[in-house]
Amino acid sequence: MLKKLFSNFKLMAAGFALLNVIMYLSIKKFWIGGSSFLPMIGTFGPNNAFVFAFIVNLGVIAGALLGAVIFGEFILRLPKARDIGLAILSGTLIGIGVTLAPGTCTTVFVTGMPMLSVNAFLSAAGIFIGAFLTYAIFTKNISQ
Amino acid sequence: MSFGKLLLVGFIFGVGFGFFVQRAGICFSQGLASIMAGRAKRIMTIFFIIFIITTIGFYFGGFKPVGQLRGYGFFNVLSGIIFGIGISLAGGCILGTLRQIGEGNLFYLIVFLSFIPGMALVIKFVDPFLKDAYNTKAILLGDILKIPNGAIAAILVLFSLVCLYLIGKKK
């Protein structure tokens, strides 16, 4: 029964959103994605804001690990050698994307749009275009 | 609250986020792929649930801009496109990448570490070159539409509720 409860994606998505709200109301911070990784290249943000966000995201990895272990979904998977180039290329593009304009990427859908930030709506449009281009160029070619 | 305590609190919140993300299977990259393939029901349900709850919550906490409008929006769209291509190739957005690392998929650890050269490229080479063209602004929808943000939020939440209802009805 517990597994069924914790496998209800609607309930879990609501839990994520509620936690985001609780964090904002209690400590005036919210979840961010992109800029949180800038401490990895020595950029810490005003008042170490990016350091805080980075620590939150390390917590996300720990939380995902916790959920996966509890419900028996943890599987250690090593990347195939032929996929490493793709991982590096895609990761580098993500790195460029998240740095070129602050408050883009996944932050758009989770905090930017609910905050009614103008940039978030523009970034969302860009993300759709990027995803569409990739789908049109690569996915369709693969499936043909 | 001291910065050390703030980091501890942040980490605990992060663990909570990670748990819910893992259980909900949230990944906007896979969601976008589903939309392109004509199977948008699950990701749109997740998006609208998050949007409705978070918007209402943020209304009570007070809206403030997340990030910046750069180059009158040009750099936001451009970065979105580059990011969109990146996550589509990787098969994982930021949340998806962090979740998959937690689930033991080390492909995403390489993706995660590869953020570094991309970020460094922009910070060290692109930023100094384009600094004057950025014309950064941190603004909300209400500022440009000249409508109270609360009213915009109410309209968007109502619209999202209708969408959620219609998605729920769709088989």
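This note goes through a predicted model point by point, from its conventions to its nonpolar cores.

1. Residues are numbered from 1 along each chain as its sequence is written, chains are lettered from A in the order in which they are written, and side-chain values use heavy atoms, with hydrogens and water left out. Because the model is predicted, local features need pLDDT of at least 70 and side-chain atom pairs count only at pLDDT 80 or more, while totals for chains, interfaces and linings use all residues.

2. Chain A has six helices and zero strands, where helices (H or I, at least four residues) and strands (E, at least two) are DSSP runs numbered from the N terminus. Its C-alpha atoms fill a box of roughly 50 × 45 × 30 Å along the principal axes.

3. Of the 144 residues in chain A, 54% are buried, a term that stands for under 20% relative accessible area with a 1.4 Å probe, protein chains only.

4. The largest nonpolar core holds 69 residues, and those touching the most other members are A:Phe16, A:Ile94, B:Phe17, B:Ile26, B:Ile94 and B:Leu95; such a core is a set of buried Ala, Val, Leu, Ile, Met, Phe, Trp, Tyr and Cys residues joined through side-chain atoms within 4.5 Å. Helix α2 of chain A (residues 9-27) gives the largest share of this core, nine residues.

5. Setting aside neighbours within four places in sequence, B:Leu95 is in contact (heavy atoms within 4.5 Å) with residues of both chains, including A:Phe16, A:Trp31, B:Val21 and B:Phe28. A second, separate core of 16 residues has A:Met115, B:Phe63, B:Leu69 and B:Leu141 among them.

Conventions: Buried < 20%, exposed > 50% of the residue type's maximum accessible area, 1.4 Å probe, protein only.
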